[in-house]
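Please consult the sequence and the structure shown here while reading.

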Amino acid sequence: MNGPGWERALWGVFALSGLFALAALADLVAVAVVLPKLPAPSTALLDLGQRLGTAETVMFYVHAAAAVAWFAYVARDHGAVARTGPAVAWRLGIAVTIAATFALPHTGPIGDGRFTERLAWMIPVLAVRLGLVGLLVVAALGVRRRLSAAVPAA
């Protein structure tokens, strides 16, 4: 693929974000399926939900780190071009969802109410994270447009 390094890296960020979105959607469905079956869902269903949740969490941090690195890479040479309202909103949203995840109740055995409460709160957290993927695309494409206008073609 031809183009500047920042543009090639952006497509990598988009690919990671797409993988995260798929993992988050699968985790969201798994949580929605498990919740009505509590307090006694099948072990296989819980195992699947745990695997999907783990994959979603890993992909969330990977895609967020890649996007933060991309914005930092672009800002290193082009400062103000990379600072846009959507980019700032995306960073704030990522910070809020990370804080929200750590604020969720810690869980013990399935039978205690904290497990159900934690799963119930994961639905809005996952929904916001999915929305942030859209905001990231808007922010990154806006920065891309600004960079393309500010940086002469090689």
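## Leucine 52

Leucine 52 is partly exposed, because its relative accessible area is 22%; buried means under 20% relative accessible area, exposed over 50%, and partly exposed in between, with a 1.4 Å probe and protein chains only. Leucine 52 belongs to helix H2. Apart from residues up to four places away in sequence, leucine 52 touches Ala26, Asp27 and Ala30, where contact means heavy atoms within 4.5 Å. The C-alpha atoms of leucine 52 and valine 31 are separated by 9.4 Å, and the two residues are 21 residues apart along the chain.

## Basis of the model

This is a predicted model, in which local features need pLDDT of at least 70 and side-chain atom pairs count only at pLDDT 80 or more, while totals for chains, interfaces and linings use all residues. Residues are numbered from 1 along each chain as its sequence is written, and side-chain values use heavy atoms, with hydrogens and water left out.

## Overall fold

The protein contains 4 helices and 0 strands, and its elements run α-α-α-α from the N terminus on. Helices (H or I, at least four residues) and strands (E, at least two) are DSSP runs, numbered from the N terminus. The C-alpha trace spans about 60 × 30 × 20 Å along its principal axes.

Of the 154 residues, 38% count as buried. The protein exposes about 8,300 Å², of which carbon and sulfur atoms supply 71%; these areas come from the Shrake-Rupley method with a 1.4 Å probe, and for residues only the protein chains shown count as cover. Among contacts with a separation of 6 or more, 78% join residues 24 or more positions apart.

## Nonpolar cores

In soluble globular proteins, nonpolar side chains tend to be buried together. A nonpolar core is here a set of buried Ala, Val, Leu, Ile, Met, Phe, Trp, Tyr and Cys residues joined through side-chain atoms within 4.5 Å. The largest such core has 34 residues, of which Trp70, Phe71, Val74, Trp90 and Val143 touch the most other members. H1, H2, H3 and H4 each supply at least two residues of this core, and H4 gives the most, with 11 residues. A second, separate core of 7 residues includes Val31, Leu35, Leu45 and Phe115.

Not counting residues up to four places away in sequence, tryptophan 70 touches Trp6, Ala9, Leu10, Val13, Ala140 and Val143.

## Threonine 97

Threonine 97 lies in helix H3 and counts as buried because its relative accessibility is 3%. Leaving aside neighbours within four places in sequence, threonine 97 is in contact with Phe60, Val128, Arg129 and Leu132. The C-alpha atoms of threonine 97 and lysine 37, 60 residues apart along the chain, are separated by 26 Å.

## Largest pocket

The largest pocket has a volume of about 580 Å³. Of the 22 residues that line this pocket, Gln50, Gly53, Arg118, Leu119 and Met122 are the closest to its centre. On a 1 Å grid over the protein atoms alone, a pocket is an open set of points where a 1.4 Å probe fits, with protein on both sides within 12 Å along at least five of seven lines, and lining residues have an atom within 4 Å of a point. Grid points are joined across faces, edges and corners, and a volume is the space filled by probe spheres set on the points.

The largest share of the lining, 9 residues, comes from H2. By type, the lining divides into 11 nonpolar, 7 polar and 4 charged residues; Ala, Val, Leu, Ile, Met, Phe, Trp, Tyr, Cys and Pro count as nonpolar, Asp, Glu, Lys and Arg as charged, and the others, Gly among them, as polar.
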